[in-house]
Number of protein chains: 2
Amino acid sequence: MATRGVSVTNKLREALLGGEYAGGTRLNEVDLADSLAVSRTPIRAALSTLAAEGLLEYRPNSGYAVKSFAAKDIEGIYVVRANLEGLGARLVAQQGLSDLHRGLLHKVLTESEELQNVEDWNDEVSDVWRDLNDRFHNTLIEASGNSHLAMMLRKSRAIPLLNQLKFRWFDLGTLARAHDDHCQIFAAITGGQVVRAESIASEHVYRSGQRIIEHWRKMDTRKPVAAAKARAA
Amino acid sequence: MATRGVSVTNKLREALLGGEYAGGTRLNEVDLADSLAVSRTPIRAALSTLAAEGLLEYRPNSGYAVKSFAAKDIEGIYVVRANLEGLGARLVAQQGLSDLHRGLLHKVLTESEELQNVEDWNDEVSDVWRDLNDRFHNTLIEASGNSHLAMMLRKSRAIPLLNQLKFRWFDLGTLARAHDDHCQIFAAITGGQVVRAESIASEHVYRSGQRIIEHWRKMDTRKPVAAAKARAA
DNA sequence: CCACGATCGATTGCATACAGTTGGTTCAAG
DNA sequence: CTTGAACCAACTGTATGCAATCGATCGTGG
């Protein structure tokens with residue numbers, strides 16, 4: 001088993017990404033320590049780590065607060081992410097796929113294909129698709145062999161609430177389109193179509209971002225209230 | 001004055017970026033605490049932060065070690081950085097420069113122009129040019145208004161030893177070429193030449209990366225020795 | 001001579017006590 | 001009623017002691 005510090009970090013990260021704390025919420029060390037049944041020491045370690053990861057904001061002598069993202073921030077993040085995923089696809093197309101990674105990607109696509117037959121959208125389908133989508137993108141980046149790129153993308157994906165939004169609000173039509181994009185990216189890569197691989201991958205992510213931002217804007221109207229209340233508390 | 005934790009973090013970060021610790025060196029908490037005249041607590045906070053920033057590697061129950069970068073890593077980082085700087089230039093070209101940022105960039109270029117008249121390359125020139133170069137790139141990214149992009153680039157630039165290498169090994173010819181690139185990027189941006197701005201900026205960084213990697217390879221032969229020795233100590 | 005295992009030193013992990021800072025509240029003066 | 005300053009409570013910052021873990025060394029058995 002890992003140290004308490006590490007496991008607290010993971011628990012907190014999950015909670016933050018799951019959107020359990022509203023943006024702007026101040027995190028009290030003793031409360032966290034009590035609720036997680038550890039002392040303040042591992043809590044502080046976790047908070048400092050998560051701040052460096054960009055999920056929290058730190059103010060000396062004041063503590064840590066949950067970073068809040070406005071629609072504009074999400075837009076900026078997705079512009080970057082689209083670029084980076086495009087770069088990843090380009091690199092893979094250039095240097096070719098190893099048998100291992102080709103197999104993994106093919107498996108994802110096969111399983112995604114099966115998902116096309118479902119009749120209506122529900123939470124279970126959403127979870128399965130999220131897993132498949134993550135696997136596709138992660139495998140692709142891993143295949144690029146660029147660990148720094150992988151790290152950057154990991155950070156670009158770590159946005160609170162995002163996973164919930166992204167997949168709960170999906171529908172079968174969007175799913176079909178996304179799956180088709182994946183297939184086209186895969187085809188472009190195996191066919192050595194470097195520019196095309198980059199374009200499709202980039203556009204695929206960008207489009208996904210547009211959907212998110214649209215929904216995010218709807219939430220932004222009532223969010224400042226919660227944030228302000230949290231800040232006041 | 002900031003807390004000890006923060007100032008220790010800054011001191012250590014500077015030391016790491018300055019290349020004071022060989023890659024692979026294990027950082028002993030009590031030694032650091034003694035040499036910086038603080039207790040282990042702020043040291044631990046700093047280490048955890050720097051690990052999350054990617055300058056150190058953490059292994060539970062074993063501690064922190066200075067991350068070492070092979071030539072391949074540098075290459076990967078520069079591929080990403082070239083793409084991101086290109087993106088930044090493109091964004092700025094698209095949305096136009098504010099008066100403030102246009103002024104700042106113009107000032108940098110004017111000062112750089114003066115630097116073209118120096119007769120030979122020395123440490124002072126190197127320092128001045130490093131400052132000008134940093135200001136140009138930082139201002140450009142700031143002008144894009146994308147804070148996430150700025151954060152990513154900050155991380156892509158934070159590589160130990162890099163600043164030393166980059167500018168000590170420069171020469172007047174390379175300086176002239178780099179300055180010219182900056183001018184062209186500026187011209188493309190003010191002229192709204194979106195694609196051109198992106199291309200030049202990206203290529204400008206990529207080329208700089210090539211130079212670094214070349215020199216890095218020369219060091220890599222004797223580096224593993226130092227790293228192994230440090231690991232043993 | 002080699003392989004395996006126990007022991008020991010060194011180092012990190014964690015909890016806790018205490019010090020310092022912040023910002024909010026209260027009280028008094030204008 | 002407003003303003004300001006002193007006060008206070010709550011929280012974070014730091015030091016330190018002890019527990020737990022790891023790796024190396026030494027010893028023992030094959």
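Visitor: Which side chain does the side chain of E29(B) make a polar contact with?

Guide: The side chain of R40(B), at 2.9 Å. Keep in mind that this is a predicted model.

Visitor: OK, and what else does E29(B) touch?

Guide: Leaving out residues up to four places away in sequence, E29(B) touches I43(B), R44(B) and L47(B) as well as R40(B).

Visitor: Where does E29(B) lie?

Guide: In helix α2 of chain B, which covers residues 29-36.

Visitor: Is E29(B) buried or exposed?

Guide: Buried: its relative accessible area is 14%, so it falls under the 20% cut-off.

Visitor: Switching to the interface. How much area do chain B and chain A bury between them?

Guide: About 2,300 Å², with 62% of that on carbon and sulfur atoms. N83(B), H148(B) and M152(B) supply 21% of what chain B buries against chain A, more than any other three residues.

Visitor: How many residues does each chain put into the contact?

Guide: Chain B gives 29 and chain A gives 28.

Visitor: How many salt bridges across it?

Guide: Zero by the rule used. There are eight residue pairs in polar contact between the two chains, though, counting pairs with both residues at pLDDT 80 or more.

Visitor: Which helix of chain B gives the most to that side?

Guide: α4(B), with 11 residues. The helices α3 (40-53), α4 (71-95) and α7 (147-157) of chain B each supply at least two residues there.

Definitions and conventions. Residues numbered from 1 in each chain as written. Chains lettered and ligands numbered in written order. Predicted model: local features only at pLDDT ≥ 70, side-chain atom pairs only at ≥ 80, totals over all residues. Heavy atoms only, no water. Contact = heavy atoms within 4.5 Å. Buried area = accessible area lost by both parts, 1.4 Å probe. Salt bridge = Lys/Arg side-chain N within 4 Å of Asp/Glu carboxyl O. Polar contact = N/O pair within 3.5 Å; in protein donor to acceptor, adjacent residues only side chain to side chain. Helix = DSSP H or I, 4+ residues; strand = E, 2+ residues; numbered from the N terminus. Buried < 20%, exposed > 50% of the residue type's maximum accessible area, 1.4 Å probe, protein only.
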